[in-house]
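Here are my notes for anyone opening this one for the first time. Have a look at the picture, then work through the points in order.

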Amino acid sequence: MFISVSDEVKHKEDGQTMIVTGIASGMVECRWYDGYSVRREAFREEELFPARHAHQLAS
């Protein structure tokens, strides 16, 4: 999968929509708003999928 900075992605288990803010050594740093504050965490690339792709499958 090809992920770029500023892409919208979702975690395969959680489903939270996040914005990619950095990529290094197979890790993808993401930020999102959880309803209370802005969160930041790094995930392995294989844990994520493009958020737009999920919308296309649902239509």
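1. Of the 59 residues in the chain, 22% are buried. Keep in mind that this is a predicted model. The accessible surface of the chain comes to about 4300 Å², and carbon and sulfur atoms account for 49% of that.

2. Now the parts list: the chain has 1 helix and 5 strands. Reading from the N terminus, the elements go β-β-β-β-β-α. As for contacts between residues at least 6 apart in sequence, 29% of them join residues at least 24 apart.

3. Start the walk through the pairs with S1 (residues 8–11) and S2 (residues 17–24), which are antiparallel and share 3 bridges. If you want a landmark here, look for Lys10, which sits opposite Thr17 in S2. The hairpin of S1 and S2 has 5 residues between the strands, and Gly15 in this hairpin has a positive phi near 85°.

4. Next come S2 and S3, again an antiparallel pair, this time with 5 bridges. Ile23 has Val28 in S3 as its bridge partner. There are 2 residues between the strands in this hairpin, and Ser25 is the one to check, with a positive phi near 50°.

5. Strand S3 (residues 27–33) is also joined to S4, by 7 bridges, and the two run antiparallel. Across this pair, Trp32 faces Arg39 in S4.

6. Which residues make up the largest nonpolar core? There are 9 residues in all: Ile3, Val9, Met18, Val20, Val28, Cys30, Trp32, Phe43 and Leu48. S2 and S3 each supply at least two residues of this core, and S3 gives the most to it, with 3 residues.

7. Leaving aside residues up to four places away in sequence, Val9 touches Ile3, Gln16, Thr17, Met18, Val20, Cys30, Leu48, Phe49, Pro50 and Ala51.

8. A couple of backbone angles deserve a second look. Most residues other than glycine have a negative phi. Ser6 is not a glycine, yet its phi is positive, at about 85°. You'll find Ser6 in the segment before S1. Buried or exposed, where does Ser6 fall? Its relative accessibility is 53%, so Ser6 counts as exposed, given that the cut-off for exposed is over 50%.

9. Ser25 is the other serine to look at: a positive phi of about 50°, although Ser25 is not a glycine either. Ser25 is placed in the loop between S2 and S3. With a relative accessible area of 79%, Ser25 is exposed.

Notes. Residues numbered from 1 in each chain as written. Predicted model: local features only at pLDDT ≥ 70, side-chain atom pairs only at ≥ 80, totals over all residues. Heavy atoms only, no water. Pairing = 2+ DSSP bridges. Helix = DSSP H or I, 4+ residues; strand = E, 2+ residues; numbered from the N terminus. Core = buried A, V, L, I, M, F, W, Y, C linked by side-chain atoms within 4.5 Å. Buried < 20%, exposed > 50% of the residue type's maximum accessible area, 1.4 Å probe, protein only. Contact = heavy atoms within 4.5 Å. Areas by Shrake-Rupley, 256 points an atom, 1.4 Å probe, with all protein chains shown as cover.
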